[in-house]
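Here are some notes to go with your first look at this model. Please keep the structure open beside them as you read.

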Amino acid sequence: MNESRQPCRQNDYAFFFDIDGTLASLQATPEAVSIPVSVIADLKQLTQQLGGAVAFISGRPLSQIDALTQPLHGAAAGIHGAEIRAFNGELTTTHTDAQQLGEIEQQLSREIAALPGVRLEKKGIAFALHYRQVPSAQQALQHLADDIVKRYPEFKVQAGKCVWEIKPRACDKGKAIDFLMQTPPFKGRIPVFLGDDVTDEAGFQSVNRQQGISIKIGSGESEATQRINDVTALYQWLGKLANNNVNLDKMRSV
């Protein structure tokens, strides 16, 4: 990755951060995830420098995003963009049929009862089937998720790291970034998105279309134009960024 200690025109940029696998190391369960205090301090400093042009884009609900990133409470998109909060606090949500959600939950709960160790996470209008503790269940859960979306075409399956998610078809992280980029203080800036997973590819694509900077954390095929090796390396990079010691213009020109 190309860096420089020369100050850049940082105020020209807006930042979007994934959480799990990016700002926080992956853990055995979603509840075990946390963001170090020093990283929150760097994010707070960056947010102040950019007049609020920093947002969190996650598969988690907004309530969980806020708990993990407190005391920050600015722009954010939860459940892959099904919940979007603008910098001014205005909330935009995707609505789904409550009866369908109930039926999906019942079927998922019934089917995974035969798969010990699999966890069903309910996210309001989306569901996550976690199999980190039972990798052998991956294929069975994929078939289950595929069956669900065949019955309920308003939903789609999203692959992730040791998880299959069932979410509204109209939502993805790229659309969430596009939405926020039309609102202050993001509008007119160059987007930068950092993520680590298949779920982040739509965000990378959005940023690439806008001639921004897309950064993948870790290995694996991706449309991101830049790489950071792992979460620890990201923390180091973020510390430099908060102190205005990353040449974003040079990264963008590569």
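1. Two strands count as paired if DSSP finds at least two bridges between them. Helices (H or I, at least four residues) and strands (E, at least two) are DSSP runs, numbered from the N terminus.

2. A word on the source: this is a predicted model, in which local features need pLDDT of at least 70 and side-chain atom pairs count only at pLDDT 80 or more, while totals for chains, interfaces and linings use all residues. Residues are numbered from 1 along each chain as its sequence is written, and side-chain values use heavy atoms, with hydrogens and water left out.

3. Alanine 77 stands opposite isoleucine 84 of β4. The loop between β3 and β4 (83–85) holds isoleucine 79, a residue other than glycine with a positive phi, near 50 degrees. Is isoleucine 79 buried or exposed? At 1% relative accessibility it counts as buried (under 20% relative accessible area; exposed is over 50% and partly exposed is in between, with a 1.4 Å probe and protein chains only).

4. Contact here means heavy atoms within 4.5 Å. Axes are lines fitted to C-alpha atoms, for helices over the stretch in contact, and angles run from 0 to 180 degrees between N-to-C directions.

5. How do α5 and α6 meet? The axes of α5 and helix α6 (residues 201–209) come within 6 Å and cross at roughly 40 degrees. That makes α5 oblique to α6 (angles under 35 degrees count as roughly parallel, over 145 as roughly antiparallel, 65 to 115 as roughly perpendicular and the rest as oblique). From α5, Lys173, Gly174, Ile177 and Asp178 make the contact, and from α6, Ala202, Gly203, Ser206, Val207 and Arg209.

6. The other sheet to find is open too, with four strands in the order β6-β7-β9-β8 and antiparallel pairing. Here β6 (119–122) and β8 (155–160) are the edge strands, each pairing on one side only. Strands β7 (residues 127–130) and β9 (residues 163–168) pair in the antiparallel sense over four bridges, and histidine 130 stands opposite valine 163 in β9. Helix α4 (residues 138–151) lies across β7, β8 and β9, at about 10 degrees to β9.

7. Cysteine 162, in the loop between β8 and β9, has a positive phi of about 60 degrees although it is not a glycine. Its relative accessible area is 25%, so cysteine 162 is partly exposed.

8. Lastly, please check two cis peptide bonds. One runs from glutamine 70 to proline 71, with omega near 10 degrees; proline 71 lies in the loop between α2 (62–69) and β3 (75–78). Another joins proline 184 and proline 185, with omega about -5 degrees, and proline 185 sits in the loop between α5 (173–180) and β10 (190–195). For background, most peptide bonds are trans.
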